[in-house]
Amino acid sequence: MDVLATILDSVRGELRARKRQVPLEVLVRQALSDPPRRDALDALRCADGVRVIAEVKRASPSQGALSPSADAATLAAAYQCGGAAAVSVLTQQRYFCGDLSDLDAVRSAVDIPVLRKDFIIDEYQLWEARAHGADLVLLIVAALDQPTLSTLVARAHAMGLTALVEVHDAGEVERALDAGARVIGVNARDLHTLRVHSGRFAELAPGIPDDVVRVAESGVQGAADVRALAAAGADAVLVGTHVATAPDPRDAVAQLVSAGRCEADSLPAAPEGCRPQSGSAGAGRLSW
C-alpha cells in the first residue's frame with residue numbers, strides 16, 4: 001500500500017467538507033484581521049546551536065495512538081519552557097487525530113513560531129493556517145506537482161507565512177529550490193512505505209545551499225541523534241514522538257536543546273557568515 005496516496009485521498013475528502021462549512025472569503029477576512037506572523041526564519045537560523053521544533057502529535061500511521069488525550073496548549077507551553085524554537089502542530093484528522101482547534105490552542109499558549117503540519121494541497125489550507133495562527137506551513141514535495149508546489153510556496157510567502165518544504169531525495173531538493181524554498185526539511189521517513197532512513201539528512205544536506213535553512217525531520221530519539229544531525233549541518237531538528245510521549249516533555253526538549261548547544265561548542269567557528277560553505281573544509285559542521 002502507498003501510504004502517502006492513501007492519506008492524500010483522505011485529505012481531499014476532509015478538505016471538501018471544510019470548504020462547504022467555511023467559505024474561503026470567511027477565512028480570508030479572519031486571516032487578514034490577525035497580526036503579522038512571527039519571523040520563523042530568524043527563529044531557526046544563526047542561533048547558539050541546533051534549534052528544536054517540538055511537535056504536538058496525537059497519533060501516526062506508523063505507530064498508532066501516541067498521546068490522544070494530551071492537552072495541546074499544555075504540551076506546547078512545556079515545549080517552550082524547555083527551549084523549543086517553534087512548535088509543530090499536526091492538524092490532519094483521520095491518520096494523525098489532529099484538528100485545527102489544536103492549532104488555535106497552541107497559538108494562544110506560546111509566543112514562539114507555530115507550524116501547521118498537514119498535507120497541504122490547496123491554497124484554501126494556507127488561508128486556514130493563517131487564520132488559525134500558524135507562522136509556518138509544511139509543503140511536501142512528494143505530494144505536489146511542480147506548478148502547484150511553486151504556487152503554494154509563493155502564496156504562503158505572500159501571506160506572511162514561512163513554507164517548510166519537505167524533501168526525501170536529491171531530485172526533490174532541486175524541485176524545492178526551483179519553487180523558491182527558504183527552509184527545506186529533509187524527512188528521514190519514506191512517506192510511501194513509512195520506513196526511516198537514518199542517513200538521509202547527511203546524504204542530502206550538502207546539496208542545500210548555504211542561504212537556505214536546513215531542518216532534519218523524523219527519527220530523532222535523543223541527544224545523540226541531535227549531535228549527529230548537528231555535525232551533518234542541521235540548523236534545526238523537528239521532533240515528534242520522542243517529546244510528545246515523554247513523561248516530562250519540558251525536560252525532553254531541554255535535553256535536545258542542550259545537546260545541540262554542546263555540539264555547537266565543540267566545533268570550530270565558521271570564519272564568516274552563518275554557515276560554512278558546502279563542499280569546503282567546514283562542510284558538515286553545525287551552521288552558524
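Colleague: At what angle do helix α2 and helix α6 pack?

Modeller: This is a predicted model, in which local features need pLDDT of at least 70 and side-chain atom pairs count only at pLDDT 80 or more, while totals for chains, interfaces and linings use all residues. Residues are numbered from 1 along each chain as its sequence is written, and side-chain values use heavy atoms, with hydrogens and water left out. Helices are DSSP runs of H or I of at least four residues and strands are runs of E of at least two, numbered from the N terminus. The axes of α2 (residues 24–33) and α6 (residues 123–131), being lines fitted to C-alpha atoms over the stretch in contact, with angles from 0 to 180 degrees between N-to-C directions, lie 8 Å apart, and the packing angle is about 40°.

Colleague: Is the crossing of α2 and α6 left-handed or right-handed?

Modeller: A crossing is left-handed if the near helix is turned anticlockwise from the far one by less than a right angle, and right-handed if clockwise. By this test, the crossing of α2 and α6 is left-handed.

Colleague: How many nonpolar residues take part in the contact of α2 with α6?

Modeller: Contact means heavy atoms within 4.5 Å, and L24, L27, V28, Q30, A31 and L32 in α2 meet Y124, W127, E128, R130 and A131 in α6. Ala, Val, Leu, Ile, Met, Phe, Trp, Tyr, Cys and Pro count as nonpolar, Asp, Glu, Lys and Arg as charged, and the others, Gly among them, as polar. The contact of α2 with α6 therefore holds one polar and two charged residues, and the number of nonpolar ones is eight.

Colleague: How are α1 and α6 oriented to each other?

Modeller: The axes of α1 and α6 are 11 Å apart, and the angle between these helices is about 65°. Angles under 35 degrees count as roughly parallel, over 145 as roughly antiparallel, 65 to 115 as roughly perpendicular and the rest as oblique. The orientation of α1 and α6 is therefore roughly perpendicular.

Colleague: Which residues of α6 meet α1?

Modeller: α1 passes α6 in a left-handed crossing. On the α1 side the contact is made by V11, L15, R18 and K19, and on the α6 side by Y124, Q125 and E128.

Colleague: Are α4 and α5 roughly parallel or oblique to each other?

Modeller: Helix α4 (residues 72–81) and helix α5 (residues 100–109) have axes 8 Å apart and pack at about 40°. A72, A73, A76 and A77 in α4 meet D102, A105, V106 and A109 in α5, a contact of seven nonpolar, no polar and one charged residues. The crossing is right-handed, and the angle makes the two helices oblique.

Colleague: Which residues lie closest to the centre of the largest pocket?

Modeller: A pocket is an open set of points on a 1 Å grid over the protein atoms alone, with protein on both sides within 12 Å along at least five of seven lines; a cavity is a set where a 1.4 Å probe fits but cannot get out, and lining residues have an atom within 4 Å of a point. The largest pocket has a volume of about 470 Å³, the space filled by probe spheres set on grid points joined across faces, edges and corners. Of its 31 lining residues, the closest to the centre are E55, K57, K117, R189 and S218.

Colleague: Which element supplies the largest share of the lining of the largest cavity?

Modeller: The largest cavity holds about 40 Å³ of space, and its lining consists of V11, E14, R18, T91, Q92, Q93, R116, D118 and Q125. By class, these residues are one nonpolar, four polar and four charged. The largest share, three residues, comes from α1.

Colleague: What is the phi of S218?

Modeller: S218 is placed in the loop between β9 (213–217) and α10 (223–231). Although S218 is a residue other than glycine, its phi is positive, near 75°.
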